Amino acid sequence: MPESYDPHELLDLTPAASEEEIRRAFRRKAKSVHPDVSDAPDAAEEFKRLKEAHDLLIERLHNPLAAPPEAGEDLYRPAREVSEEDRESIINAFRRRREAEKRRKSRRRSAVQGQARRAERKNDAFQEEMARRRAAFESRQREESQREQEERRRAEQDQQRAADEAERRRVEELRRQEQEALERVKQQRASRQRASQTRPIDDAPLECAWKGCRVSDDLAVAVDTALGPRRFCRAHYEEYIEFRRSKQRQASAR
């Protein structure tokens, strides 16, 4: 590429191009000649010239007092007729640009920090809400668990009371049956006693009570047997007495 060039021609711009058009043209050209994307051996030099042309045109917009170089003239030749006042104006323009850039970066940094703080507060609020919901969920779980345990305990108590009531009724029924049996035995004993007391021995039948013998004369005195008062004839009286004694001995031996 030649040493001198026209910045407008290099960026494909007209002399009336605005700052935004200059920046768009530079970005468009840089996409094809940047050393990171172009394999041309002079890509770095060409990109450098594009950058110089961009900076020069931007500077002309901010400092119109600087005389534009003629076509074919080296862009970075030493300025010949620049007064001290113009130089100071150029320096002040650069300072203003730097200050504006600093303010823009500061605002951008503040905006990013504000977004970060808002995101952090939002995250903290989200974490607090999740913690509150988790605590409420755990509380409900504990309450449900306690309620289930209480219901199981009440069910077990009801079952135990029902079993105790059934056992009590069974024991009462056994006692009642035992009492009824005792009452029947007492009544039988009492009836036998009443029968023995109300029926005198003298009212015993007037015949021998020995098995097969019904002799009605020559009877001995009446005796109290298991069947009540009975009489025996003289022939069987002694045998019955001996029979009773043997039964008593057997009962005593047991």
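Me: How many helices and strands does the protein chain have?
Reply: This is a predicted model. Read along the sequence, its elements run α-α-α-α-β-β-α. The secondary structure therefore comes to two strands and five helices.

Me: What average pLDDT does the protein chain have, and where does pLDDT stay under 50?
Reply: At least 70 is the score for 85% of the residues. The chain average is a pLDDT of 80. The stretch with pLDDT under 50 is residues 70-80.

Me: How many contacts beyond four places in sequence does the model have for residues 70-80?
Reply: Where pLDDT is low, the predicted coordinates should not be read in detail. Residues 70-80 stay under 50. For this stretch, the contacts beyond four places in sequence number twelve.

Me: What share of the protein chain is buried?
Reply: Buried means under 20% relative accessible area. The chain has 254 residues. The buried share of the residues is 18%.

Me: What length does helix α2 reach from its first C-alpha to its last?
Reply: Helix α2 covers residues 19-33, which is 15 residues. At 1.5 Å a residue, 21 Å is expected. The model comes close to that, at 21 Å.

Me: Why do the buried residues of α2 lie on the same side, and which helix is among their cover?
Reply: The buried residues are I22, A25, F26, A30 and V33. They share one side of α2 because their arc around the axis is only 130 degrees. An α-helix has 3.6 residues a turn, so residues three or four places apart point the same way. The cover over the buried residues of α2 includes residues 43-62, helix α3.

Note on methods:
Residues numbered from 1 in each chain as written. Predicted model: local features only at pLDDT ≥ 70, side-chain atom pairs only at ≥ 80, totals over all residues. Heavy atoms only, no water. pLDDT = per-residue confidence, 0-100. Contact = heavy atoms within 4.5 Å. Helix = DSSP H or I, 4+ residues; strand = E, 2+ residues; numbered from the N terminus. Buried < 20%, exposed > 50% of the residue type's maximum accessible area, 1.4 Å probe, protein only. Expected span 1.5 Å × (residues − 1). Arc of directions from axis to C-beta.
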